[in-house]
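The entries follow the order in which I consulted the structure.

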Amino acid sequence: MIDIKGLSVSFGENAVLQSVSVTLHPGKIYGIVGLNGAGKTTFFNLLAKLIKPVAGSIQLNNNPISIRDSAYLETVNYFYSGITGNEYLKIFRNTNKEFSLQVLQQYFKLPLDELIEHYSTGMKKKLGFMALLLQDNDVFILDEPFNGVDLKGCILMKRLIRQLKAKEKTVIISSHLIASLR
């Protein structure tokens, strides 16, 4: 269980989140919808421990949340230049017994021997998602995971997200469009 109490963050004079309190339970999928600049990505960066709050706390199972507790798919992933999909995936330890690289490749069918810089936006998103699924984290944070992904890929990603829910993982997804969270 993630327990968030009084979470606040500001950038200069701009208060982005003010005293946010919420409890997120394992085995649930949470959707966050909002306009650009509403604070969705900031909230995710706080959960992933990439930024620090001005006030408040985030606990996972009554302990401060750690960067190792969550898997974070950012809106735009960073990929080193000059590496292939296979080389990128080797950066991540495969600790998830259900999702091996071979199983995930059967789903996504990406050209893993090609340079990532030749991938489309949707292919890059799928590659980043594959990297997350290799890890057996308690919390999965997905910031605009369906942007640029084709219909078949979206259906597949949603199926895999439901499998995370069935494994009692906490999944948090953001979108600009409520329809994409159905």
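Which residues line the second largest pocket? I found Y107, F108, K109, K126, D150, K152, G153, I155, L156 and R159. I was working with a predicted model, in which local features need pLDDT of at least 70, side-chain atom pairs count only at pLDDT 80 or more, and totals for chains, interfaces and linings use all residues. Residues are numbered from 1 along each chain as its sequence is written, and side-chain values use heavy atoms, with hydrogens and water left out.

**Entry: second largest pocket.** I took a pocket as an open set of points on a 1 Å grid over the protein atoms alone, where a 1.4 Å probe fits, with protein on both sides within 12 Å along at least five of seven lines; lining residues have an atom within 4 Å of a point. I noted a volume of about 200 Å³ for this pocket, a volume being the space filled by probe spheres set on points joined across faces, edges and corners. α5 (151–166) gives the largest share of the lining, five residues, and α3 (101–108) also supplies at least two. Helices (H or I, at least four residues) and strands (E, at least two) are DSSP runs, numbered from the N terminus. I counted four nonpolar, one polar and five charged residues in the lining. Here Ala, Val, Leu, Ile, Met, Phe, Trp, Tyr, Cys and Pro are nonpolar, Asp, Glu, Lys and Arg charged, and the others, Gly among them, polar.

**Entry: F108.** F108 lines the second largest pocket and is among the residues with the most contacts inside the largest nonpolar core, which has 32 residues. Such a core is a set of buried Ala, Val, Leu, Ile, Met, Phe, Trp, Tyr and Cys residues joined through side-chain atoms within 4.5 Å. Beyond four places in sequence, F108 is in contact (heavy atoms within 4.5 Å) with K126, F129, M130, L156, M157 and L160.

**Entry: largest pocket.** I recorded about 640 Å³ of space in the largest pocket. Of its 21 lining residues, S70, Y72, F92, L132 and Q135 are the closest to the centre. β6 (70–73) provides the largest share of this lining, three residues. The lining comprises 11 nonpolar, six polar and four charged residues.

**Entry: T84.** I located T84 in the loop between β6 and α2 (85–89). T84 is buried, with a relative accessible area of 13%, because buried means under 20% (1.4 Å probe, protein chains only). Leaving out residues up to four places away in sequence, T84 touches L112, D113, E114, L115 and I116.

Key
Buried < 20%, exposed > 50% of the residue type's maximum accessible area, 1.4 Å probe, protein only.
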